[in-house]
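Let's walk through a protein model together, starting inside one chain and ending where two chains meet. Have a look at the picture first.

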Amino acid sequence: MQEIYNVACELLDRHVLARGDKIAVYYQEQRISYAELQEQVNRFGNILKELDVPPGERILIALPDCPECVYAFLGSMKYGAWPVLVSPLLSESAYAFILNDSEASVVFSTNGSQAAQARTEHLRHLLCVDNESFRDRRASVAADLDPYPSREDDIAFMLYSSGSTGNPKGVPHRHGDLPFTADVYGRQVLKVAEEDICFSASKLFFAYGLGNSISFPFRAGAGVVLSAGKSTAADVFKIISSYRPTLFFGVPTLYNLMLKTLNETHSLDSLRLCASAGEALPAATYHSWKELTGLEIIDGIGSTEALHIFISNRPGEVRPGTSGYLLPPYEARIVGDDGLPVPSGEPGHLLIRGKSTAPFYWNRPDKTAETMLADGWLRTGDIYVEDGGCYSYQGRADDMFKVDALWVSPIKVEEVLREHPAVLECALTWRKLEGLVKPLAHVVLNPGFQEDMRLFRDLRDHVLRKLPEYMCPVQIVFCTELPKTDTGKIQRFRLRNGKDRGN
Amino acid sequence: MKVTGADIIAVMKEAGINPDVVSKLKFDAPLVDQGLDSMDLPVIATATEKKFGIDLSDADAVKLRTINDFVVYVNQKMA
């Protein structure tokens with residue numbers, strides 16, 4: 001029988017005893033100590049108790065990065081419910097899907113948000129954290145809360161990961177997963193310590209941001225800067241100079257944008273280290289950043305399913321353009337299509353095994369069987385080469401790709417393009433610009449339509465009306481036919497042939 | 001004939017970049033500081049490639065911060 005283990009207590013309680021006055025969260029003008037943080041976490045848990053929410057119930061959290069998001073997340077887990085952390089910027093229909101799929105009965109959001117509009121069968125309580133009535137409720141409940149007697153291997157929370165077709169998949173994680181990733185990557189690689197202040201441009205609802213802004217700082221008794229707004233280059237520079245964090249977590253696109261505006265007025269002298277994930281960091285970005293700031297960017301690969309980074313470069317030993325080395329105790333394997341290991345130096349499917357990998361997808365036995373293999377191995381879907389222990393990204397096993405660290409499914413974009421009267425058929429692939437992947441469409445036009453810039457703009461506007469901007473093709477190649485299999489399936493990989501697939 | 005800042009502005013407009021933003025662009029200031037973002041820059045880069053028949057290498061593209069940078073770069077490539 002495992003011992004009682006609640007992740008909210010693992011992350012907070014010992015700091016309240018050892019350093020209760022230390023600032024845990026920096027948010028706008030607020031400075032929140034560990035003692036205050038624990039009290040608010042307890043109050044949010046007690047709100048669920050007062051509402052008689054059964055333990056194990058799903059709690060949807062659709063909030064920007066702010067203290068209330070942290071309170072709701074940790075408070076739900078301390079109470080024994082399962083927070084489902086999602087973007088505050090989804091559409092009403094996307095929230096309706098996730099609410100139905102997760103059967104969440106409680107929503108934490110803000111007044112007037114899309115999440116607050118969604119209505120589903122299971123929903124019982126909508127809690128808008130900016131409402132007067134919610135503030136009263138929060139002040140009226142007890143400031144103490146006994147943790148739910150969970151075990152390390154019990155499910156603690158869920159994130160949603162976008163799918164190649166159709167809908168996102170719920171990815172459940174256990175109580176032990178957040179501390180595990182904090183120890184393996186946060187402590188082992190970044191050496192996060194009490195003196196550190198973390199700042200992540202990636203938000204809490206991303207697995208990457210969740211580690212950067214909750215588990216790493218709180219595991220170490222460090223501080224975190226939360227920022228609710230969009231992480232533009234200008235805002236990131238401003239936050240770094242005002243709050244003086246020591247660790248910065250970004251994604252490659254953001255580093256490239258920051259490089260295009262960096263000048264002597266920007267102060268980065270508080271930083272000791274930068275980290276990157278989400279997509280492979282181009283070697284050129286690493287070198288330019290190092291040259292202009294003197295700082296290393298530590299690139300690594302992780303996933304929502306693994307919760308955080310499992311292969312990473314190490315400070316002082318970066319191999320630019322690679323993902324670096326396996327982080328023990330994770331195990332990795334590169335296998336061929338037959339499932340058998342390939343020799344070192346040859347590309348294959350990357351499988352990983354470690355304590356933090358999600359045990360299954362919520363309600364998706366088909367996808368679970370494809371991804372969560374026997375003996376605890378997780379199929380990442382990435383093609384990698386391992387050479388001398390160093391791992392280099394080669395591309396995806398499927399047609400998916402990442403733009404600005406977000407998944408793009410060619411199928412979704414092609415469906416939208418095909419709705420345009422000019423498009424007979426199309427295929428979405430990608431090209432590299434500044435070392436980063438951007439969507440590229442191949443389009444065969446219907447008779448009567450002509451290739452020109454007006455049509456290019458029109459097609460882009462059409463996509464932008466229906467899909468997020470990062471999915472929209474930056475370039476359209478007009479062609480007379482598309483390569484197909486005998487059964488008529490478009491061969492996207494052939495459109496990419498002869499072009500760089502890798503890093 | 002030499003490519004000018006006005007030519008680069010014309011490429012941006014043709015490619016569908018927000019005309020309100022484009023009409024106010026200063027030639028010597030970083031584009032990122034003037035309201036263009038990670039979604040606009042790749043469109044400008046690919047439209048520039050197409051218009052002038054050049055290839056932008058990754059290492060070069062990362063250094064193109066201003067309209068003047070584009071002008072110098074395109075003229076060099078076409079020389």
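## A strand with neighbours on both sides

C198(A) has V224(A) as its bridge partner in β10(A). This is a predicted model, so local features need pLDDT of at least 70 and side-chain atom pairs 80 or more, while totals for chains, interfaces and linings use all residues. Residues count from 1 along each chain as written, chains are lettered from A in the order written, and side-chain values use heavy atoms, with hydrogens and water left out.

Strands here are DSSP runs of E, at least two residues long, and helices are runs of H or I, at least four, numbered from the N terminus. Strand β9 (residues 197-200) of chain A runs parallel to β10(A), with three bridges joining them; two strands pair if DSSP finds at least two bridges. Strand β1 (residues 23-27) of chain A is also parallel to β10(A), again with three bridges, and there Y27(A) partners L226(A).

## Which way do the side chains point?

In a regular strand, side chains alternate between the two faces of the sheet. In β10 (residues 223-226) of chain A, G223(A) and V225(A) point one way, V224(A) and L226(A) the other. All of them are buried, meaning under 20% relative accessible area (1.4 Å probe, protein chains only).

## Where the chains meet

The contact (heavy atoms within 4.5 Å) takes 26 residues from chain A and 24 residues from chain B. The rule finds two salt bridges across the interface, each a side-chain nitrogen of Lys or Arg within 4 Å of a carboxyl oxygen of Asp or Glu. R431(A) and E49(B) meet in a salt bridge at 2.6 Å, N to O.

Definitions and conventions:
Buried < 20%, exposed > 50% of the residue type's maximum accessible area, 1.4 Å probe, protein only.
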